Amino acid sequence: MKKEMKTIGVLTSGGDAPGMNAAVRAVVRTAICKGIRVKGIMHGYSGLLNEEIEDMDARSVSDTISRGGTILYTARCEEFKQEEYQDKAAEICKKHEIDGLVVIGGDGSFRGAQTLATRGINTIGVPGTIDLDIACTDYTIGFDTAVNTAVEAIDRIRDTSTSHERVSVIEVMGRHAGYIALWCGIANGAEDILLPEKHNYDADKLMKHIVDNRKQGKRHHIIVNAEGIGHSEEMAKRIQEETGIAARATILGHIQRGGNPTATDRVRGSVMGAFAVDLFCEGKSNRVVAYKDGKYVDFDMEEALAMKKDLPEYVYQVSRYLTI
Ligand code: ADP
Ligand code: F6P
């Protein structure tokens, strides 16, 4: 029989994402409703190794639902990839009587959670990343806010681009994934969308597209370039040299990670945080919370990490119709 859950730990890890606070708040308050104590671990795995562990109550998460970032702070902790530190972290969880650990982060953070699971720590992963690059889920906490922030910024660039009749290369985040770029490309009505999954940066085709559009009377040319393709500054320089049309690059950067979460990120973040606690209460562990086909579900962590994710082909096709 499974051991009763008395204390749950919660941490955020990897890149912060708007809506992580909603998930932390839901973990804390759902656990309290079920008579479970909660310990907040600061600075992700780095704080776990340094025993930055604090008791949390319902008031610890007051006034956090609308705030971006993460009140638990976050970190990328290279040393945690070594077995010696994973052993140490598992011992620390046991010492603090943490019966289950909720890890809110991306797939790197889940790999870290798995190393603890193999050392006898119950873990549940909650997908928190603006990149939307976790295969088992259609939604990750923070993507919606990041896309809306980027769309608003690109609208502003479009105004000045049109006024000066320039080409604008706008680089959006996403690490190796093109979801933010694809969504912005469609939402901002970009003339070109460059995506790492499609390897679709062809300099000659791009130049021709720019020149043809100009001949047809288009006053601007917005290129949404995914971080996974990168080199936006060089791209703009080359466009200006080869087409004779003024071009500028803007790298949106961390503006996409901050800001108040949208209602979607607040609500889904809240449900996912509560769902993680409910999974523990049902005696489940080593699972990843997901939102799939409109439902909240869970997957085995190892299976979830082995899944592959592709861009939605039909949406990509639509983006191609719309950029003519
Ligand atoms: P994300 O969780 O957003 O994908 P990272 O890939 O940077 O972000 O991972 C966050 C942290 O998770 C890393 O800094 C590291 O501490 C831990 N981590 C990542 N990959 C592994 C791994 N293979 N084994 C153990 N820990 C890992
Ligand atoms: O994973 C989120 C993300 O913002 C990626 O889109 C980006 O590649 C990376 O993190 C940037 O990381 P950092 O904030 O450490 O520079």
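Q: In the hairpin of S10 and S11, which residue takes a positive phi?
A: The hairpin has two residues between its strands, where strands (E, at least two residues) and helices (H or I, at least four) are DSSP runs numbered from the N terminus. The model is predicted, so local features need pLDDT of at least 70, side-chain atom pairs count only at pLDDT 80 or more, and totals for chains, interfaces and linings use all residues. Residues are numbered from 1 along each chain as its sequence is written, chains are lettered from A and ligands numbered from 1 in the order written, and side-chain values use heavy atoms, without hydrogens or water. The residue with a positive phi, near 50°, is Asp293.

Q: Which residue in S11 stands opposite Ala290?
A: Strand S10 (residues 287–292) and strand S11 (residues 295–300) run antiparallel and are joined by six bridges. Pairing of two strands requires at least two bridges found by DSSP. The residue opposite Ala290 is Val297.

Q: Which are the edge strands of the seven-stranded open sheet?
A: This sheet has mixed pairing and the order S3-S2-S1-S4-S5-S10-S11. Its neighbouring strands are turned by 25° against each other on average, direction ignored; axes are lines fitted to C-alpha atoms, for helices over the stretch in contact, and angles run from 0 to 180 degrees between N-to-C directions. Pairing on one side only marks the edge strands, S3 (53–56) and S11.

Q: How much area do domain 1 and domain 2 bury between them?
A: The domain assignment, automatic or from a database, gives domain 1 (7–142 + 261–306) and domain 2 (144–257). Their C-alpha centres lie 34 Å apart, and the contact takes 13 residues from domain 1 and twelve residues from domain 2. Buried area is the accessible area (1.4 Å probe) that two parts lose on being put together, summed over both. Carbon and sulfur atoms carry 52% of the buried area, which is about 1,100 Å².

Q: How many residues apart in sequence are the parts that Lys34 and Asp278 tie together?
A: A salt bridge is a side-chain nitrogen of Lys or Arg within 4 Å of a carboxyl oxygen of Asp or Glu, and the count comes to 16. Lys34 pairs in this way with Asp278, the closest N and O atoms being 2.5 Å apart. Because Lys34 lies in the loop between H1 (20–33) and S2 (37–41) and Asp278 in H9 (residues 263–281), the parts tied together are apart in sequence by 244 residues.

Key
Contact means heavy atoms within 4.5 Å.
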